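User: I would like to go through this model term by term. Let us begin with the secondary structure.

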Amino acid sequence: MLTYVLKRIGQTVLTAFLATATVFVLLRMAPGDPAANYAPPNPTSAQLEAIRQQFGLDQSIPVQFVTFLQHLFQGDVGTSFFFKRPALEVVMERLPYTITLAVAAIVVTALVAIPLGVWMARRADTAQELGANIATIAGQSMPDFWIGFVLLIVFAVNLGWFSPAGFDSGSSIVLPTVTIAILQIALISRLVRREMVGNLAAPYLTVARSRGISERALTWRYAFGNSAIPVVTALGTRFAAMLNGVVIVEVVFKWPGVGELVVNALKQRDFPLIQATVLVTVVLALVVQLFVDLLYPLMDPRVRLGEASA
């Protein structure tokens, strides 16, 4: 187990470094001049050059990358061009909002999708299951920005039940959470249904039923117990994706999280802020995946992480 954990930590560090390095290079190869965003109207060449020197953009990309690595190993990912503050500090201020939204969305997803998927599996090939399938396919097909706008118009503008944007009270999280959860519920419930159908028809369940075990125990302890690993994996993957910033939803609801921050940073071509965002969110996502992997032996003692990682 210790060897596996150390190996995964090494993979996490390497993946985070490669992701940050890739973003670093691609940002500087993209067309456009960041200095123009921070220069006065109708700037002169001298003014643009002075801004490039201020931000260190007058150096070649290899030289900039070496300087970036030197600072990175000291725990410094650079100073935000726009905020004039350490980029990592700016990201960490926004991160709790994204984590809060992601946790709320994944909790709602699990509470709704798992029972719904089990219910669909218990009623496989019936009119009820067909109706649920149509609903989940519709939820999976609708863009999240469209869902967000509909929820805003109905529940914030017309009914006035929730704040239309920002984070000013506990109820502000409801609409963005539901917007994110609708797609996730559609995906996870269909996965649960697929896994459960196979397990409910398995011979071991027939044997257990013949021994007088209740249908509730057969469904949740046996059938769902054997479906748990792929379901938990899917939930962990979706949660990790949410931690990377649910960009469109955060922009629609003006949620003060990492997603909205990185959109503004891209508009302003704030290289250090984008790099800090990528580094933090990649590390978080990989930590979540490691945690999910470590849950496998607890859910199924037959799983051996050392063997699985080989």
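Analyst: Helices (H or I, at least four residues) and strands (E, at least two) are DSSP runs, numbered from the N terminus. By that rule the chain has 14 helices and 0 strands. The model is predicted: local features need pLDDT of at least 70, side-chain atom pairs count only at pLDDT 80 or more, and totals for chains, interfaces and linings use all residues. Residues are numbered from 1 along each chain as its sequence is written, and side-chain values use heavy atoms, leaving out hydrogens and water.

User: Why is R28 said to have no salt bridge?

Analyst: A salt bridge needs a side-chain nitrogen of Lys or Arg within 4 Å of a carboxyl oxygen of Asp or Glu. For R28, the nearest side chain of opposite charge is D270, 8.6 Å away. So R28 has no salt bridge.

User: What makes the pairing of R28 with Q275 a polar contact?

Analyst: Polar contacts are N or O pairs within 3.5 Å, and within protein one atom must be able to donate a hydrogen and the other to accept it. The side chains of R28 and Q275 make such a contact at 2.8 Å. R28 itself lies in helix α1 (residues 2-29).

User: What makes a nonpolar core, and which residues touch the most other members of the largest one?

Analyst: A nonpolar core joins buried Ala, Val, Leu, Ile, Met, Phe, Trp, Tyr and Cys residues through side-chain atoms within 4.5 Å. The largest holds 44 residues; L175, I180, V192, M196 and M242 touch the most other members. Helix α10 gives the most to this core, with 10 residues.

Note on methods. Buried means under 20% relative accessible area, exposed over 50%, partly exposed in between (1.4 Å probe, protein chains only). Lys and Arg count as positive and Asp and Glu as negative; His and the chain ends are not counted.
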